[in-house]
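Here is my notebook page for today. I opened the model and looked up a few things, one by one.

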Amino acid sequence: MNSLYERTTDQFPLLSLLKEHFGFTSFRPLQEEIIRDALDGRDVVALLPTGGGKSLCFQLPALARTGLTLVVSPLIALMKDQVDALQANGIAATFLNSSLNAHEFHTRLHAVYRGDYQLLYMAPERLMLPESLNDLQKWQVNLLAIDEAHCISEWGHDFRPEYRRLVELRERFPKLPIMALTATATKRVQEDISKLLKLQNPASYVASFNRPNLTYRVQAKASPVDQVLAFLRAQPQESGIVYCQSRKTTELLAERLQTHGIKAQPYHAGLTPEERSRHQELFLRDEVQVMCATIAFGMGINKPNVRFVIHYDLPKNLESYYQETGRAGRDGLPSECLLLFSSGDAVKQQRFINDKPGIQEQQIARSQLQQMIQYSECPTCRRVELLQYFGDTYSSENCEGCDNCLSPRDTFDGTEVAETLLSCIETIYDTSGFSVGLNHVIAVLTGANTEKIRRWHHNQLPMYGQGKAHSRPAWGVMARELIRLGYLRQATENFSVLEITQQGQAFTQERHTIMLTKPISAPERKPSRVDYTAHDESLFDRLRQLRKTLADERDVPAYVVFSDVALRQMAQDYPANEQDFLRISGVGSRKLEEFGAAFLGTIAEYLESNTRQSVSSTSTVPAPSVPTPGKPKPLNETTRETLRLFQRGFSVDHIAKQRKLAGSTIYGHLEQAIYAGDSVDINQLITAEQQTQIAAAFAKTGFGNLTGAKELLGDLYDYGQLRLFRASYGNKR
């Protein structure tokens, strides 16, 4: 082992470097472990969610020792963003790519030879050129960091063949440690990364895929342009991405939004490189509010204050969906993810799959599409569904951060529907000797006059036309829920035929009640959104204007100066001197030196004519899933019985046992009582000291982010206690 890697990591003041250059006082989960393994010379595979701090895992080691950290990055825009941010933090970093003219390229190349840089970014295509490989032997490279490492796997959602050649670096430099990083990878893709890069006994780190600050919602796609407009009008100051399936849709939607006064631009592979670069730069600098884009946009976009991601069309798989929604809320602040779903989009995707070459590729795509549809229509927690796909788990069945948890859909008795559908499938197989797909079964039930129905004489079956009481889309939704519940199976081999499972057979022999969920619907009113983070909004706007001015002067995106998180903290804490300013998240010595005077001066000037606001006076307490405090909802008898027992001094556990109800249900009754204006003394459940601790957590996450507060507090409190505190706080305001 090279002596460079035999130095102990204890010699490096990691926390001091972290604060000095990045302005943070502590590491995020797994960062320190990954960094220490890298400094020890181990190969590392790091799977951290978007916004989880992947880049720091190789950037900090570059500062902790001499030599060069070589970063493989797939996109020119990503390289520039990261290098701009590093240079703003006083770190010697550069990139070598095709965006540089010959003079600038050779100037930087000579500087690399002199050892002037600590980090060098290159694309795989450039890196694997013979002249670049020869250069590597002359540079003192101490770490090879491969970003977006999932690109190496054919099973990944963004396969790039040029990543496969990176294994040659292992063969040329067998002692050079490799760090492979990605935000999105299934178990199979993770295995591919280690195998195809020939990593040697790598340390593997997989963080939770959960993004607690993201709220996931699905709406039935009705009038999509109007739905997008309603969403945007509810948050006019925020920026986001609208993902569309086709280039034409991105352009048409951007034009429609522009006619309504919204700053929007399209982004797709059909634009010239100059147009794409210009549109992206406008978005990064907050000159454009909305980017209407195909999947060509997004990988590695380092814009932390994307407050929403809308999927105008259905993504082809959950991996792409997770990656794309992950571009929202990279700064950790609450952000929205909205998917507009229609079965028509699913049919379009199916047609694309049928045109794919190769049976195996079709099977994989078909299976992925079914999982995407299941997620879109599921009545259960969307966060749980999403995490399960990646082999991750969630501690609760209610995340308080998706539409199904915030506003559960009604159920209905679907026993007769299930019996009709299964009987039709069974009859078709018995009379014809073969199984058929879902669309054909629905066509038979609704009495369609198709060529296949006539050819196979299925218009003569007793079930023909017996399901006209329901529309074709409604039958599709109900059938897919029966698949999810295990009564049916939809094959992915060759043809997507429907088959009755053993559970379905048992139902046909001994009928029992099956409850189904009503389908998602389009919203009846505009979606509401509030800023959940407590801060002085007027001061925040003034600081944001200052940030924009300073960023424009330096020709960098605004977030390179300071993130929204930092500005909001300034608008909470009103720092008055350099010591106070250094306590702001993201403020290191370089940022203090360069920007401290300007921001401290603006804050002092603001306070000359404005009063300092307390956190409680600026907090907003949304209650999306409970009655609005101003309009009490009458309590039903079962809720009143819980309230009577609680007011007599009985504990929640005692009431739950006596009434044979879940503890969460009892907490729900008490919460309803608070919003109805009844007296509920939460001091019986939460001490004054505990209330202070909970209030501090909500102050950080915002009162709308119950999941975030729960994660901050760990297992000290359950969701019921947090919901009661939030309800009680809201009613006192």
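At roughly what angle do the axes of helix H29 and helix H31 cross? I found that the axes of H29 (residues 637-647) and H31 (residues 663-675) cross at roughly 90° and come within 9 Å. Axes here are lines fitted to C-alpha atoms, for helices over the stretch in contact, with angles from 0 to 180 degrees between N-to-C directions. H29 is therefore roughly perpendicular to H31, a label for angles of 65 to 115 degrees.

I noted that this is a predicted model, where local features need pLDDT of at least 70 and side-chain atom pairs count only at pLDDT 80 or more, while totals for chains, interfaces and linings use all residues. Residues are numbered from 1 along each chain as its sequence is written, and side-chain values use heavy atoms, leaving out hydrogens and water.

Next I checked who meets whom, with contact meaning heavy atoms within 4.5 Å. Among the H29 residues that meet H31 are Thr638 and Phe646, and the H31 side includes Ile666 and His669.

Then I turned to the sheet. I saw 6 strands in an open sheet, ordered E8-E13-E12-E9-E11-E10, with parallel pairing; strands pair if DSSP finds at least two bridges between them. The edge strands are E8 (214-220) and E10 (264-267), each pairing on one side only. E8 and E13 (residues 335-341) share 7 bridges, and Val218 stands opposite Leu339 in E13.

Last, I looked up Arg307 in strand E12 (residues 306-311). Is Arg307 buried or exposed? Arg307 is buried because its relative accessible area is 2%, and buried means under 20% (1.4 Å probe, protein chains only).

Notes. Helix = DSSP H or I, 4+ residues; strand = E, 2+ residues; numbered from the N terminus. Parallel < 35°, antiparallel > 145°, perpendicular 65-115°, else oblique. Buried < 20%, exposed > 50% of the residue type's maximum accessible area, 1.4 Å probe, protein only.
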